[in-house]
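Welcome! Take a look at it first, and then read on.

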Amino acid sequence: MEKTLFMVKPDAVARGLVGEIVAVMEREGFEIERLEMQRFGRARAEAFYDVHRDKPFFASLIEYITSGPVVAMVLAGDSTITRVRELMGATDPAQAASGTMRRKYGESVERNAVHGSDSPISAAHEIAVVFGAS
Ligand code: DAT
Ligand code: MG
């Protein structure tokens with residue numbers, strides 16, 4: 001049983017894609033352990049994206065992720081991290097495989113609709129930042 005932090009980002013929430021995206025995750029058989037709409041403040045956003053603190057796009061990324069509500073989930077199941085990343089597609093929607101969420105819903109490399117943890121270490125960090133230590 002592996003957990004990941006999956007999130008519908010502000011651009012996709014604003015365009016009314018929450019139900020459609022959650023339905024995909026249910027159909028794929030992931031267990032939704034936690035689900036919450038949140039508006040990230042600056043401190044939570046910066047903690048969430050701490051690994052990107054030194055990147056040139058960091059300030060813009062923080063502006064974007066705090067610009068509106070997100071819908072965050074803890075998903076559990078077999079090989080959840082890899083399977084969710086496959087369903088999401090590449091970071092840049094223009095490079096994402098057809099049929100993936102980012103290809104279908106992403107507007108740009110920044111406004112790319114969804115987030116999924118990329119490793120067990122980042123999943124543990126992100127779950128703690130978003131839902132608190134359990
Ligand atoms: P991912 O979300 O696929 O794990 P990442 O961890 O490398 O990608 O980056 C986190 C987010 O930062 C990503 O979803 C969108 C933004 N981002 C990444 N690279 C970017 C770039 N070159 N320009 C603008 N935003 C970028
Ligand atoms: Mg990442």
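Predicted model: local features only at pLDDT ≥ 70, side-chain atom pairs only at ≥ 80, totals over all residues.

**R111, in a loop**
- R111 sits in the loop that runs between α6 (101-105) and β4 (114-116).
- With a relative accessible area of 34%, R111 is partly exposed, because that label covers values between 20% and 50%.
- Beyond its neighbours within four places in sequence, R111 contacts D11, Y64 and G106.
- R111 and P10 are 101 residues apart in sequence, yet their C-alpha atoms are 8.0 Å apart in space.

**T4, in a strand**
- T4 belongs to strand β1, which spans residues 2-8.
- T4 has 0% relative accessibility, so it counts as buried.
- The side chains of T4 and S117 are joined by a polar contact of 3.4 Å.
- Setting aside residues up to four places away in sequence, T4 touches several others, among them M73, L75, G116 and I127.
- T80, I81 and V84 are also among the residues that T4 touches.

**Helix α5**
- Helix α5 covers residues 80-88, and its buried residues are T80, I81, V84, L87 and M88.
- Viewed down the axis of α5, these buried residues fall within an arc of 130°, so they line one face of the helix.
- The buried residues of α5 pack against β1, α2 (18-27), β3 (70-77), α6, β4 and α7 (120-131).
- After α5 comes G89, which has a positive phi near 90°.

Conventions:
Residues numbered from 1 in each chain as written. Chains lettered and ligands numbered in written order. Heavy atoms only, no water. Helix = DSSP H or I, 4+ residues; strand = E, 2+ residues; numbered from the N terminus. Buried < 20%, exposed > 50% of the residue type's maximum accessible area, 1.4 Å probe, protein only. Contact = heavy atoms within 4.5 Å. Polar contact = N/O pair within 3.5 Å; in protein donor to acceptor, adjacent residues only side chain to side chain. Arc of directions from axis to C-beta.
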